[in-house]
Amino acid sequence: MPTKTYIQAIAEATIEEMERDQSVFTMGEDLRQSVYGATAGLVDRFGEDRVIDTPLSENGFFGAALGASLCGMRPIVETVTSFLWVGMDQLVSQGSKMRYMFGGQAELPVTFRVRMFYARGAAAHHSDRNYPVFMNTPGIKIVCPSNAYDAKGLMKTAVRDNDVCLLFEDGIALSSRTEVPDNDELPDGELLVPFGVANTVQSGTEVTIVGIAGGVQHAIDAAKVLDAEGISAEIIDPRTLVPLDKESILKSVAKTGRLVIVDPAHKMCSAASEIAAIVAQEGFWDLQAPIQVVASEQINVPYSPALEPLIYPTPEKVVDAVRTVLD
Amino acid sequence: MTLDKQQLEEMYRRMCRIRYFEEAVIEIHSSGELIGPAHPYIGEEAVAVGACAALRDSDRIAGNHRSHGHPIAKGGDVNRAMAEILGKSGGYCKGKGGSMHLADFSIGILGESGIVASSVPIATGAALAAKLGKQDFVSLVFFGDGASNQGACHESMNMAALWDLPVIFMCENNGYAITTSYKNSVSVDHVSDRASAYGMPGVLVDGQDAIAVHEATSEAVRRARAGEGPTLIEAMTYRYEDHSLGLDRIRKSEYRSQDEVDEAMKRDPLPIHRQAMIAHGFATEAECDAIEAEVHAEIDGAVEFARNSPFPEPGELYDDMWATPV
C-alpha cells in the first residue's frame with residue numbers, strides 16, 4: 001500500500017471531491033500558488049472560478065462561503081487557526097447559528113480547512129491550537145485528523161456533510177507519512193472515514209492514552225518507551241471532537257482503569273478538560289487513579305527556541321503522566 | 001412609470017401590512033405578551049417594499065435586526081412571522097429565532113441577523129453562488145447607516161465589485177445607530193459616496209417614496225442580471241420609534257428632538273404612495289380604503305393565529321441542530 005503525506009492526503013481529497021461534485025469549489029488566500037502546499041495544480045485542473053484567491057478579508061470571505069452554501073454550493077475554505085479570530089463573527093454568529101436559529105431551514109455545507117501551525121518559532125500570533133473554543137460553540141463539527149489516512153477520509157466526509165465543519169490540519173503531522181490506499185484498492189472505490197467513530201490506534205491493558213490531533217503521535221512515541229518497560233498502553237484517537245465518540249473512551253477506561261489525555265491545546269477548557277470531565281462523571285468507578293492531562297501550558301506561545309518547546313506536550317511528559325497514574 | 005395598477009396596489013398593500021404588523025407588535029409588547037426586544041420598522045416601509053417590488057421570488061434577500069418589514073415586503077406570511085415573534089411553534093423558525101431572525105428560504109428570505117452588518121457577507125456569498133453555479137437570481141441585503149461602518153461591509157463590497165457579483169447593497173439610512181447620529185459616525189456626506197471607492201455605482205434615493213426606491217432598485221437588478229456587478233443604493237429614511245421596544249432608558253433620552261421627529265413624519269411613506277396612486281389615476285380613495293381595511297383584518301388574523309399557536313414542546317430543544325445527523 002502506498003504511503004502518503006498528510007498534505008498529499010488533503011490534496012487528493014480536495015481533487016476527488018471537486019471532480020465528483022461540480023458544486024464543490026475552493027476559496028482562500030494564495031491558493032493558486034499553493035502557499036500552504038495542499039492546492040498545487042488545482043487552478044490548472046479546475047479553473048479560476050473553482051479555485052478562488054480571495055482578498056485578505058477573512059470575515060468577508062468566511063461569510064461569503066456561508067452565503068454560497070445556502071444557495072447550493074459546497075465551499076472548501078482554506079485558512080489558518082490564527083485567522084479564525086479575524087473571521088469569528090461570521091463563523092460563530094452566522095455559521096454556527098443560522099441553521100438552529102432559522103428552525104432548520106438552512107443547510108451550510110462548508111468545510112473550513114484550518115492549518116494549525118505551532119512549534120516552529122512563529123510566536124504567539126501564528127501558533128494557535130484553538131479547536132476547543134469551537135467545542136464551546138454549538139453548531140460546528142470539529143475534525144482533528146492525526147495522520148494522512150484519516151486526513152483524507154475525514155476530509156471527504158466533511159465535504160459531503162451538510163453542516164459547517166472545521167478541519168484542523170496539525171502542523172507537526174503535515175510531512176508525516178501513513179499508508180493511504182489508492183481508490184482501486186478499496187472495496188467502495190474511495191476512502192471515507194465517518195465522524196464520531198474513534199480509532200483504537202493500539203490495544204493495551206494498563207492505561208488508556210487519548211490523543212488529540214498531533215497528540216496522538218506523542219502517545220505512540222510514549223507507548224514505545226512504556227512497552228520497553230513492560231507497560232501496556234491503549235491509544236484512542238477520537239478523530240472528531242464534535243461529534244465525540246465518548247463510548248469508545250469510556251469502554252477503554254473500563255478496561256484499563258487509568259486515563260491520560262494528550263492535547264496540544266492550552267490546558268484550561270481544552271478538549272482534554274472535556275474528556276476528563278466526561279470520564280469523571282460517567283466512568284468514575286472504573287478509575288483506579290486520578291486522570292492526568294498533558295496539554296499546553298496556560299501561557300501565550302513564546303518566540304525563543306529556549307522557551308517555546310517547554311509549553312507543548314512531549315512523549316516524555318506523556319510517559320511521566322502514565323507513571324503517575326500507575327504509581 | 002413602469003409599474004402598473006396591480007403592482008402599485010400590491011406595494012401599498014405590503015406597506016400597510018408592515019405598518020399595521022408593527023403597530024400590533026408594539027401593542028402586544030406593551031401588554032407584556034412579548035418578552036424579548038423588537039425593533040419597529042415604522043417609517044421605513046417604502047424602502048423594503050420599493051426594493052422587493054423589483055425582485056422575483058427566486059431572488060434572495062438578507063436583513064438585519066430591524067427586519068420585520070423585509071420578509072413581509074418579499075411576500076412573507078404575516079401569520080408565521082407574528083407567531084415567531086411570540087416564540088410559538090407555528091412561527092417561521094418554530095420559535096427558535098424570534099423577532100431578529102425571521103426567515104423563509106422557500107421565497108428567498110435568507111434570514112435576518114442580530115449582529116449589525118453580518119448579513120452583508122452572507123448576501124455577497126449568495127451572489128457568488130449565483131455566479132459560480134450559473135443560477136439565475138440576484139441577492140439584495142438591507143443594512144443601516146450604522147452597519148455601513150462595519151468591516152464586514154467594506155470587505156463584502158470590495159469582493160462583490162472585484163468579482164462582479166449580482167448583489168445590491170441597500171443601505172437604509174435612518175439617521176441613527178441607536179442614538180448615535182449619522183453625522184457623528186460617518187465621515188462622508190452620504191454612504192453612497194463610498195461606492196466610488198469600490199468602483200461600483202452609488203445611488204442616493206428618497207427612501208420615503210416606494211416608487212423611487214423601486215426605480216433605483218430595478219436599475220441595480222438589471223445591472224446585476226446582466227453580469228455588470230453590484231450597486232450600492234442609499235435610501236434616505238427615518239425611524240419613527242426609538243431603537244427597540246423595551247429599552248425605556250433610550251426612550252427617555254434626548255438624542256433627537258420631538259420637532260425633528262414631527263418634521264420627518266410629515267413625509268410618511270404610506271400617504272405618499274397612496275396619493276401618488278390616486279394622483280396618477282391608478283387607484284381611487286375607496287380602493288385605497290378597501291386595501292387598508294383588508295390588511296387590518298389580515299393583521300388581526302395574524303395576531304389571533306400567533307396567540308393560538310402552541311409553544312414548542314421541551315422535546316424540540318435539540319431539533320434543527322444538524323443537517324447531517326450525528
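A:Cys269 is partly exposed, with 14 other C-beta atoms within 10 Å, where buried stands for 20 or more other C-beta atoms within 10 Å of a residue's own, exposed for 12 or fewer, and partly exposed for what lies in between, the C-beta atoms being placed from the backbone. The model is predicted, and local features need pLDDT of at least 70, side-chain atom pairs count only at pLDDT 80 or more, while totals for chains, interfaces and linings use all residues. Residues are numbered from 1 along each chain as its sequence is written, and chains are lettered from A and ligands numbered from 1 in the order in which they are written.

**Backbone details**

- A:Cys269 has a phi near 55°, a positive value in a residue other than glycine, and is found in the loop between β13 (259-266) and α11 (271-282) of chain A; helices (H or I, at least four residues) and strands (E, at least two) are DSSP runs, numbered from the N terminus.
- In chain B, phi of B:Asp164 is likewise positive, near 50°, in a residue other than glycine; B:Asp164 sits in the loop between α6 (151-162) and β3 (167-173) of chain B and is partly exposed, with 17 other C-beta atoms within 10 Å.
- The peptide bond that leads from A:Val242 to A:Pro243 is cis, with omega near 0°, and A:Pro243 belongs to the loop between β12 (240-242) and α10 (246-256) of chain A.

**Chain A as a whole**

- Chain A has 13 helices and 14 strands.
- The radius of gyration of chain A is 20 Å, close to the 20 Å that the globule rule gives for 327 residues, so chain A is as compact as a globular protein of that length; the radius is taken over C-alpha atoms, and the rule is 2.2 Å times the number of residues to the power 0.38.
- Among the 327 residues of chain A, 56% count as buried.

**Helix α1 against helix α8 in chain A**

- The axes of α1 (residues 6-20) and α8 (residues 148-160) of chain A come within 8 Å and cross at roughly 25°, with axes being lines fitted to C-alpha atoms, for helices over the stretch in contact, and angles running from 0 to 180 degrees between N-to-C directions.
- α1(A) and α8(A) are therefore roughly parallel to each other, given that angles under 35 degrees count as roughly parallel, over 145 as roughly antiparallel, 65 to 115 as roughly perpendicular and the rest as oblique.
- The residues of the contact of α1(A) with α8(A) divide into 8 nonpolar, 1 polar and 5 charged, where Ala, Val, Leu, Ile, Met, Phe, Trp, Tyr, Cys and Pro count as nonpolar, Asp, Glu, Lys and Arg as charged, and the others, Gly among them, as polar.

**Where chain A meets chain B**

- In chain A, 38 residues are in contact with 40 residues of chain B, two residues being in contact if their C-beta atoms, placed from the backbone, lie within 7 Å.
- On the side of chain A that touches chain B, α3(A) gives the most, with 9 residues, and the residues of this side divide into 16 nonpolar, 16 polar and 6 charged.
- The axes of α3(A) and α6(B) come within 8 Å and cross at roughly 70°, and these two helices are therefore roughly perpendicular to each other.
- The contact is made by A:Asn59, A:Gly60, A:Phe61, A:Gly63 and A:Ala64 of α3(A) together with B:Gly151, B:Ala152, B:Glu155, B:Ser156 and B:Met159 of α6(B).
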